[in-house]
Amino acid sequence: MLELRLVQGSLLKKVLESIKDLVNDANFDCSATGFSLQATDSSHVALVALLLRSEGFEHYRCDRNISMGMNLNIMAKILKCAGNDDIFTLKADDGSDTVTFMFESPTQDKIADFEMKLMDINSEHVGIPEVDYHAIVRMPSSEFARICKDLSSMGDTGIVISVTNEGVRFSTRGDIVTANLCRPNTMVDKPEEATIIEMNEPVSLKFALRYMNSFTKATPLSSTVTLSLFSGLPVVVEYKIAEMGYIRFYLAPKIEEVDD
């Protein structure tokens, strides 16, 4: 028997909105410690990892480990039927091929439930090694989203992220325009607006901009985003989810020469 109750039902709605365009079908894994997902996009270029810890739920019951295959677009459509203040409950019986979503208004004058058929999805968990990253950048998530959007308007398909002693630079090179947007490593009056950089050594990597823009759909989940960079390895773009857990996106760099 699986039963999860989340007071902030809108949180799961935001999670699905951030990943449904990247991944079509995925397994949600439930255990005594939490509710998680790991999946790659269809081109196997990007990977998404989600964790919602059990203690973040108002009620969490998971009698045995269970993996539930779901179509994320259908799940997102179901969650859109919930009000932003609704309480969300997910239920699945042992051996059942369906999962039930229930939404209750705070005053309990409206209750809706949806039953969704589960899918058999073959997927393998990717082992993600611990890395002492060359650079870690923490910055406002809204600023990162704005930078990716601004660079996209230049028409190029790649974004170069460079970290030096001067700060972090985001750049793209089009046929006509070369754009550089810089965030110096300086503190500001409001801590939430600061860009904080931990650098072991300078690093400069190029990534597909359309994936970065897709990752920024997670902006509503967190006021800050963390970028972890290591030469030749995928970047990790992480959004903390309140006190519950995180959503992490991994993207392999483009293998080509990067100009300083």
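Among contacts in the chain between residues at least 6 apart in sequence, what percentage join residues at least 24 apart?

Modeller: The model is a predicted one. Of the contacts in the chain between residues at least 6 apart in sequence, 65% join residues at least 24 apart.

We may now turn to the interior. Of the 260 residues, 50% count as buried. In soluble globular proteins, nonpolar side chains tend to be buried together. The largest nonpolar core of this chain has 75 residues, and M68 and M212 are those with the most contacts inside it. If neighbours within four places in sequence are left aside, M68 is in contact with L2, A26, N27, F28, C30, F35, L90, A92, V99 and L118. There is also a second, separate core of six residues, among them A49, I136, V236 and Y250.

Helix α1, residues 9-19, is mostly covered, as nine of its 11 residues are buried. The buried residues of α1 include the leucines L11, L12 and L16, and K13 and S18 are also among them.

Two further residues show how burial is judged. T219 is found in the loop between α4 (209-215) and β16 (224-229). T219 counts as buried because its relative accessibility is 18%, and the cut-off for buried is under 20%. Apart from neighbours within four places in sequence, T219 is in contact with S141, S142, A145 and Y239. M199, by comparison, is found in strand β14, residues 196-199. The relative accessible area of M199 is 26%, and therefore M199 is partly exposed. Leaving aside neighbours within four places in sequence, M199 is in contact with H134, A135, V163, T164 and N165. M199 and L229 are 30 residues apart in sequence, and their C-alpha atoms are 9.5 Å apart in space.

The chain exposes about 13,200 Å², of which carbon and sulfur atoms supply 47%. There are 25 positive and 38 negative side chains, and the centres of these two sets lie 4 Å apart.

Key. Residues are numbered from 1 along each chain as its sequence is written. This is a predicted model: local features need pLDDT of at least 70, side-chain atom pairs count only at pLDDT 80 or more; totals for chains, interfaces and linings use all residues. Side-chain values use heavy atoms; hydrogens and water are left out. Buried means under 20% relative accessible area, exposed over 50%, partly exposed in between (1.4 Å probe, protein chains only). Contact means heavy atoms within 4.5 Å. Accessible areas come from the Shrake-Rupley method with a 1.4 Å probe; for residues, only the protein chains shown count as cover. Lys and Arg count as positive and Asp and Glu as negative; His and the chain ends are not counted. The place of a charge is taken as NZ of Lys, CZ of Arg, CG of Asp or CD of Glu. A nonpolar core is a set of buried Ala, Val, Leu, Ile, Met, Phe, Trp, Tyr and Cys residues joined through side-chain atoms within 4.5 Å. Helices (H or I, at least four residues) and strands (E, at least two) are DSSP runs, numbered from the N terminus.
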